[in-house]
Each structure stands twice: as structure tokens, then as C-alpha cells.
Amino acid sequence: MNFASDNAGPVHPKVMEALARVNTGYQHGYGNDPETEAAKAALRDLFEAPDAEVFLMPGGTAANALVLGTLVQPWQAVYCSGLAHIHVDECNAPEFYTGGAKLVAAVPGDRLTPDALKKAWAFWDTGDVHQPFGGALSVTNTTERGNTYTLDELKALFDLAKGRGLAVHLDGARFANAVARLGCTPAEMSWKIGADAVVFGGTKNGCMAVEAVIFFDPEKARGLPFRRMRSGHLLSKHRYLAAQMNAYVADGLWLDLAKKANATCARLVEGLSALGVEITTETPANMIYFRLPLRQHEALLAKGAVYYHMPEPDDGPDASVRGRLVCDWNLSEEAVDRFLDLVKSEI
């Protein structure tokens with residue numbers, strides 16, 4: 001009953017097999033190897049973008065920060081949500097790698113809206129030399145609260161950003177889960193609606209440690225190879241990143257794993273809703289937030305459930321407290337059913 005994070009689960013066997021396969025003999029380092037070339041080709045095919053520049057990195061924080069560092073200047077602003085991973089979870093890495101660009105949270109929650117962006121621009125992006133100049137829009141799908149933007153919602157945001165001359169960065173740590181929920185293609189959720197660069201996450205969806213950065217206009221990616229090297233994120237034994245990505249993309253494994261995680265989450269939502277539990281995530285993919293009295297959270301955790309809950313210091317035992325449940329590809333229906341039985345016994 002481990003719902004702590006999709007970072008907590010195991011690596012898929014096919015990814016492990018791919019790592020073992022490349023763990024023989026010798027290959028050139030730093031991405032100058034056949035495995036990396038194959039991964040780049042596979043990702044270009046997947047995104048229907050034959051001219052795209054593709055870069056592999058071991059983690060999402062570096063991927064996001066280096067993309068933004070490539071897209072914006074130090075005196076510019078990056079607009080995002082108040083709960084964006086780049087804003088609250090990356091220890092100022094985007095500010096560091098952009099040389100000081102300002103992150104502007106246009107909304108306090110996890111989902112941006114056109115109206116919120118316009119209000120933020122009216123205050124910040126005035127053209128006054130004393131304020132940061134608009135540089136990029138960063139959007140996460142699926143969001144940090146588990147919600148999924150529709151393609152129309154994304155396009156409305158991207159069109160606004162493009163109309164103001166901003167670059168568009170799509171943080172896709174759970175890109176696969178969003179695509180699986182929307183029933184679209186990677187191209188339809190990226191460059192076809194205006195994204196300039198996307199981080200195609202693998203680590204949360206069955207890989208060991210690999211994210212793909214994809215720039216759809218090669219000219220906009222010119223600085224990234226140097227930034228990646230300068231930051232220490234160009235792995236020398238690069239074939240181990242590439243092997244993971246090749247296994248992940250082959251035969252649609254990335255999508256199969258995301259569909260499984262989403263389906264498990266849907267089972268969880270259905271079961272909790274039937275028990276009368278308040279679920280605060282409106283359009284979930286593989287992650288939900290819910291509320292229970294603190295004493296019930298503590299009882300569930302004491303009996304073996306593993307997940308995060310967020311009590312305040314002064315919360316009493318009957319206080320309504322948020323919890324987070326995340327489903328990964330490896331979580332079984334039986335584990336969900338055991339959890340639901342446990343919840344039922346505590347209500």
C-alpha cells in the first residue's frame with residue numbers, strides 16, 4: 001500500500017534489461033555512441049519532429065533549469081503557477097541557471113488561466129526598465145496537484161504567451177500520464193499547440209533516472225549543450241541514459257505504464273468516493289489529494305499505508321487534513337483494495 005510517490009517504485013524490468021544489455025564492451029562517452037543516436041531518433045519519431053534537438057539528462061530539476069536557462073535572459077521573468085515544481089521544489093535552480101531570472105507565480109494554486117496571466121503581465125511585464133521583462137511561460141502537465149490541463153486549455157495559455165513573444169516550456173515529469181488521460185499524441189500536447197521545449201519524463205514512470213529535453217526549433221537549443229556540460233549534467237557513460245530511454249519508448253512502453261498507473265488511480269478515486277471521502281483533485285491522472293480527519297490519517301499510516309499527509313502544527317485529531325496518494329505503474333489493484341478496506345474500517 002505504498003502511495004508515497006511514483007519516485008518510490010521500482011524500475012521496469014525492460015529498462016533493467018536494457019541497462020544490462022549495454023553493460024558490455026566499450027562505447028564512446030558523452031553521448032557519442034549508437035545507443036544515444038538511437039534514442040534521439042526514437043524520440044524524434046515519437047514527437048513527429050524530425051528536426052528536433054534532443055538531450056538526455058539524469059534528473060528533472062536539471063532538465064527544467066537548463067531549459068529555462070537556454071530560453072531566457074537574466075533580466076527576464078518566467079511565469080508559472082504558485083505550486084510549479086520550478087517554483088517550490090527545485091531550490092532556486094531555475095534562478096541559478098538562468099543567471100537570476102525572476103519566477104513569477106501568476107496563481108497561488110497549480111493551474112494557470114489566461115485571465116491570471118493577463119493580470120500578472122499587467123503588473124510585472126510593463127516594459128519599465130525597473131521590472132523584469134517577460135521571457136517564458138512554464139506549464140506543468142500533469143500538475144503538481146495531480147490535475148490535467150486539456151489541450152484547449154494548454155493552447156489558450158500557449159497562444160497568449162506566443163502573442164507576447166514569450167517562449168513556452170512544458171514541464172512533463174508526468175507527461176506520459178497526461179497524454180494517457182487526454183488520449184492525445186505527444187506532438188498534440190507539445191509543439192502542435194505551441195510548446196518550444198518539453199521535458200519528457202521517464203524517472204517517475206518506470207525508468208531509473210532519465211529525462212529527455214526536446215527543443216522543437218534547433219536554433220533555440222544552441223546554448224543547451226554548453227549549459228549541460230558546464231553544470232555537470234552531461235554524463236560520460238551516456239549510453240546508460242540512452243538505454244533507459246530506448247526501452248521506455250520501444251513498443252509504447254511509456255504509454256502502457258502511464259495507462260496502468262492512471263487506471264489504478266481511477267480505481268482509488270472510485271473507491272474513496274464511494275466511501276464519502278472528499279477528493280480535492282478535479283482532473284486526476286495518477287495522483288490525487290484528499291481529506292480525512294487527522295486521527296484517521298494516523299490510523300491508516302500506523303496500519304501500513306504509506307503516503308504523505310500535511311497537518312498543520314495546531315491541528316487537533318478531528319481536523320480535516322490533506323493527504324496525497326500517488327499511483328505508479330507497479331502498484332497493484334490488490335494494494336488499492338486493501339487500502340480502501342482499511343479506510344472503510346476507520347471511517
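Two strands are taken to pair where DSSP finds at least two bridges between them. In this predicted model, strand β4 (residues 133-140) pairs with strand β5 (residues 167-172) in the parallel sense through 5 bridges, and Val-139 stands opposite Leu-170 in β5. Strand β2 (residues 76-81) is likewise parallel to β4, with 4 bridges between them, and Tyr-79 has Leu-137 in β4 as its bridge partner. Because 7 of the 8 residues of β4 are buried, this strand is largely enclosed by the rest of the structure. Together with helix α7 (residues 151-163), β4 and β5 make a right-handed β-α-β unit.

Helix α3 (residues 60-71) is also mostly covered, with 10 of its 12 residues buried, among them Asn-64, Leu-66 and Thr-70. From its first C-alpha to its last, α3 reaches 16 Å, close to the 16 Å expected at 1.5 Å a residue.

| Salt bridge | Closest N to O |
|---|---|
| Glu-282 and Arg-111 | 2.8 Å |
| Lys-303 and Glu-346 | 2.5 Å |

Lys-303 lies in the loop between α12 and β10 and Glu-346 in helix α13 (residues 333-346), so this pair ties together parts that are 43 residues apart in sequence. Glu-346 is buried, with a relative accessible area of 18%, whereas Glu-282 counts as exposed at 59% and Arg-111 as partly exposed at 24%. Asp-110, Arg-111 and Glu-282 are linked in a network of salt bridges.

Terms used: Residues numbered from 1 in each chain as written. Predicted model: local features only at pLDDT ≥ 70, side-chain atom pairs only at ≥ 80, totals over all residues. Heavy atoms only, no water. Helix = DSSP H or I, 4+ residues; strand = E, 2+ residues; numbered from the N terminus. Expected span 1.5 Å × (residues − 1). Buried < 20%, exposed > 50% of the residue type's maximum accessible area, 1.4 Å probe, protein only. Right-handed = clockwise from strand over helix to strand, strands pointing away. Salt bridge = Lys/Arg side-chain N within 4 Å of Asp/Glu carboxyl O.
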